[in-house]
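Here is a short briefing to read alongside the structure. It starts with a single residue and then widens out to the chain.

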Amino acid sequence: MANCQHCETPNPEGKFNCPSCGLRAHPPKWSTQFVVRETPMATAIRKDQIDFGSISMDKHIERTNKTNEQDRAMKMDKMIFGNDKS
Ligand SMILES: [Zn+2]
């Protein structure tokens with residue numbers, strides 16, 4: 001396995017969280033579904049698929065961005081929508 005993406009600590013066991021810095025050891029590259037499952041925004045996406053129209057995606061994103069998940073939400077955003085988000 002590669003080293004931690006944050007602190008470069010080796011992560012031979014491939015743990016999800018780095019044993020050194022406690023952050024996610026690796027970029028979520030192996031499965032979009034895996035990523036989608038663990039974020040508030042993913043829940044929003046799933047709800048939109050079921051219930052699209054009752055609340056807009058923008059509102060979900062806005063709400064997500066107001067939480068302490070802001071940074072992660074932005075990363076999710078880029079992964080899902082591309083890097084040219086304005
Ligand atoms: Zn680390």
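Pro 10 counts as partly exposed, because it has 13 C-beta neighbours inside 10 Å. On this scale a residue is buried if 20 or more other C-beta atoms lie within 10 Å of its own, exposed if 12 or fewer, and partly exposed in between, with C-beta atoms placed from the backbone. Please keep in mind that this is a predicted model: local features need pLDDT of at least 70, side-chain atom pairs count only at pLDDT 80 or more, and totals for chains, interfaces and linings use all residues. Residue numbers start from 1 along each chain, following the sequence as written.

**Before the helices**
- Pro 10 sits in the segment before α1.
- From Pro 10 to Ser 20, which are 10 residues apart along the chain, the C-alpha atoms are separated by 9.0 Å.
- Glu 8 also has its place in the segment before α1, a helix that covers residues 32-37.
- Glu 8 is exposed because 12 other C-beta atoms lie within 10 Å.
- The phi angle of Glu 8 is near 70 degrees, a positive value in a residue other than glycine.
- Between Glu 8 and Cys 21, 13 residues apart in sequence, the C-alpha to C-alpha distance is 9.6 Å.

**The chain as a whole**
- The chain has 4 helices and 0 strands, where helices (H or I, at least four residues) and strands (E, at least two) are DSSP runs numbered from the N terminus.
- Read from the N terminus, the order of elements is α-α-α-α.
- Of the 86 residues in the chain, 10% are buried.
- Among contacts with a separation of 6 or more, 16% join residues 24 or more positions apart; a contact here is a pair whose C-beta atoms, placed from the backbone, lie within 7 Å.

**Confidence**
- Mean pLDDT (the predictor's confidence in each residue, from 0 to 100) is 70 for the chain, and 47% of its residues reach 70 or more.
- Among the elements, helix α4 (residues 70-81) has the highest mean pLDDT, 75, while α1 has the lowest, 53.

Notes
Contact = placed C-beta atoms within 7 Å.
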